[in-house]
Amino acid sequence: MLRKPITRRIFFFSSLAAMTMAALWKFRGSTAKFLARFDQPPRAGTLPKGHVSDVYLARNGSARENMARVLEMMGGIDKFIGTKDIVILKPNAQWWNQGRTNLAAMKEFMDQVLQRPGFEGEIIVAENNHFMDETLAEPDNVRGWVEFSEINGDIDGKKHNLNTLIELFQKKGHDNVTKYHWRDGGPKREWWGNGQNGGIVSSPAQGDGYIWTDMDYHFSGLWGLKQWKVKMSYPVFTSRYSGITIDLMQGAYQRDGHSSGRYQSERPVKLINFAVLNHHGSGTGITSSVKNYMGITDLSCGFWGMQPEGYANVHFCGEGLYPYAMAGAIGYFMKTVRLADLNIVTAE
């Protein structure tokens, strides 16, 4: 039987639909409520009321040209980014080559943010790649931060990594472009990724680290005989440029130096989920924006971690018996902790 060829467009939208269905599967009993959360316009206020999401696709140009075209189709960078925004770019720094977000596309996005008229904010490239090297002065500065790619790392004819991408801006005087290494908060078994002991805090007033919330995701398998609980966790971190602490769930926070402080509503935090279209093997298959949230959560929170007892981390939810279960946990993170203001997927 002759089959219709799979075009890039069909592949892209089929993958997007599959990932969305996986993330929503565990919420099938309360779909209306879950979709209502997505039905609200993002904080940048770009989607017409009544839309779940809008998808834009640019192709046949260079990575930078495609990025510029997508932003143009969406109405321009000022539709998403305000003049005082703290812009958090979440790439994939766990891998490189096809596993890392295309750096030329990231540079174009960053250029447009900085060129936005009246921009007084900052850009922070932040990621938890779950690995570290304690022999280094900067232990988390490994993997996609330092590896030069054969593909996805070319900018104007020169190979780059995430560190050198940031240096391009700093050398031009953009001190408001910095980075931050999120690190898993508690100790964990080195089953996968040795990043650990980055700190656990209960509020941004306590300092940088991970907050382990009281919000739990529950997954049931083996006809109800096996249960998995996943505690929602997210990072708190301080900008090297402004000294402002970012509580990824609650927003910008200014410490007063006396174990307290205040949230700064006048400094909106925008989370840009800058994923890459990738393949993670038979367990999860094609991955993209949903899987990229794995680098925000704390994999020491629950098994593989030592605490809290009776919990599993996001990655271990389903224990390989139900590979899609981790997508449900990530969907619950999006629902309860933080939904990205914009998802950008590169497929170069």
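**Salt bridges and a pocket**

Let me begin with Lys226, which at 31% relative accessibility counts as partly exposed. Please keep in mind throughout that the model we are looking at is a predicted one. Glu319, at 34% relative accessibility, likewise counts as partly exposed, and a salt bridge joins Lys226 to Glu319, with the closest N and O atoms 3.2 Å apart. That pairing links distant parts of the chain, since Lys226 sits in strand 8, residues 226–238, while Glu319 belongs to the loop between strand 16 (307–312) and helix 7 (325–336), 93 residues apart. Salt bridges that share partners also join Arg64, Lys107, Glu108, Asp111 and Asp156 into one network.

Lys107 and Asp111 meet through their side chains in a salt bridge, at 2.9 Å from N to O. How many residues apart are Lys107 and Asp111 in helix 4? They are four residues apart in this helix, which spans residues 103–114, and so about one helical turn separates them. Is Lys107 buried or exposed? Lys107 is buried, its relative accessible area being 7%, and Asp111 is buried as well, with a value of 12%.

Across the whole structure, a search finds 18 salt bridges, and one more of them deserves a careful look. In the salt bridge between Lys270 and Asp85, the closest N and O atoms are 2.6 Å apart. Lys270 lies in strand 12, whereas Asp85 is in the loop between helix 3 (63–73) and strand 1 (86–90), so this pair ties together parts of the chain that are 185 residues apart in sequence.

Which residues are the closest to its centre? Of the 23 residues that line the pocket, they are Gln94, Trp95, His280, Lys291 and His315. If we sort the lining of the second largest pocket by class, we find 13 polar residues, seven nonpolar ones and three that are charged.

Notes. Residues are numbered from 1 along each chain as its sequence is written. This is a predicted model: local features need pLDDT of at least 70, side-chain atom pairs count only at pLDDT 80 or more; totals for chains, interfaces and linings use all residues. Side-chain values use heavy atoms; hydrogens and water are left out. On a 1 Å grid over the protein atoms alone, a cavity is a set of points where a 1.4 Å probe fits but cannot get out, and a pocket is an open set with protein on both sides within 12 Å along at least five of seven lines; lining residues have an atom within 4 Å of a point. Ala, Val, Leu, Ile, Met, Phe, Trp, Tyr, Cys and Pro count as nonpolar, Asp, Glu, Lys and Arg as charged, and the others, Gly among them, as polar. A salt bridge is a side-chain nitrogen of Lys or Arg within 4 Å of a carboxyl oxygen of Asp or Glu. Helices (H or I, at least four residues) and strands (E, at least two) are DSSP runs, numbered from the N terminus. Buried means under 20% relative accessible area, exposed over 50%, partly exposed in between (1.4 Å probe, protein chains only).
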